[in-house]
Amino acid sequence: MLATRALSVLGKRAISTSVCLRGGHGVAKVEPYTLPAYFDRTENPLPDIQFVQELSAEQKSLKEKEKGSWASLSNDEKIALYRISFCKSYAEMHKGTGEWKSIVAGMLFFCGFTGFIVLWQRKFVYGDVPHTFAAEYKEKELQRMLDMRINPVEGFSSNWDYENKQWKK
């Protein structure tokens, strides 16, 4: 009976710790995405946590020194304290990255590549220009349309003087 009771207690304990939640009792597992994170953003100048989470011995002594008078701190120590709390300054956050150069280079590359494809198609894919695009053919076509008196009320035949064989002024 004692062994049965001991095993039942151990079994309940094992079940409650493996589930991690037991109606407000037991151990609750904290997921990493629920913890506050550090971000350098100008919209949020004071992040929830410091940039450096685990301090070295030198940084710990500097934090102790911080509690005293700031007049006794050198500029390098003040900068080191700032770097413990923040990764970048405002000037560093607003500094350009130069990413635009690679984007413009990629766009120009693809425009040039497209130009080469168009030239290749003109030379090897498309045939010669049809004879109907020649200036002589266009003149003959215009004369034929004038001879047929196509659209004489509002069209271009209405602007042709048939007696003098020239365009009306």
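Q: Which residues form one aromatic cluster?
A: The cluster is formed by Phe-109, Phe-110 and Phe-113. The model is predicted: local features need pLDDT of at least 70, side-chain atom pairs count only at pLDDT 80 or more, and totals for chains, interfaces and linings use all residues. Residues are numbered from 1 along each chain as its sequence is written, and side-chain values use heavy atoms, with hydrogens and water left out.

Q: How many aromatic pairs does a search of the whole structure find, and why is the pair of Phe-109 and Phe-113 called stacked?
A: The search finds six aromatic pairs. The ring centres of Phe-109 and Phe-113 are 6.3 Å apart and their planes stand at 15°, so this pair is stacked. Rings of Phe, Tyr and Trp (its six-membered ring) pair if their centres lie within 6.5 Å; planes under 30 degrees apart count as stacked, over 60 as edge-to-face and the rest as tilted.

Q: Where do Phe-109 and Phe-113 lie?
A: Both belong to helix α5 (residues 99-125), four residues apart, which is about one turn of the helix. Helices (H or I, at least four residues) and strands (E, at least two) are DSSP runs, numbered from the N terminus.

Q: What makes the pair of Trp-120 and Phe-124 tilted?
A: The rings of Trp-120 and Phe-124 have centres 6.2 Å apart and planes at 45°, so the pair is tilted. These two residues also lie in α5, four residues apart.

Q: Why does Phe-109 count as exposed, and why does Phe-113 count as partly exposed?
A: Buried means under 20% relative accessible area, exposed over 50% and partly exposed in between (1.4 Å probe, protein chains only). Phe-109 has 53% relative accessibility, so Phe-109 counts as exposed. Phe-113 has 46%, and therefore counts as partly exposed.

Q: Which residues of helix α3 (residues 75-85) are buried, and how do you know that they line one face of the helix?
A: The buried residues of α3 are Leu-81, Ile-84 and Ser-85. Seen down the axis of α3, they fall within an arc of 95° (taken from the directions from the helix axis to the C-beta atoms), so they line one face. The face turned away from the buried side carries the exposed residues Asn-75 and Asp-76.

Q: Which residues make up the largest nonpolar core?
A: This core has five residues: Val-52, Leu-62, Leu-73, Leu-81 and Ile-84. Such a core is a set of buried Ala, Val, Leu, Ile, Met, Phe, Trp, Tyr and Cys residues joined through side-chain atoms within 4.5 Å.
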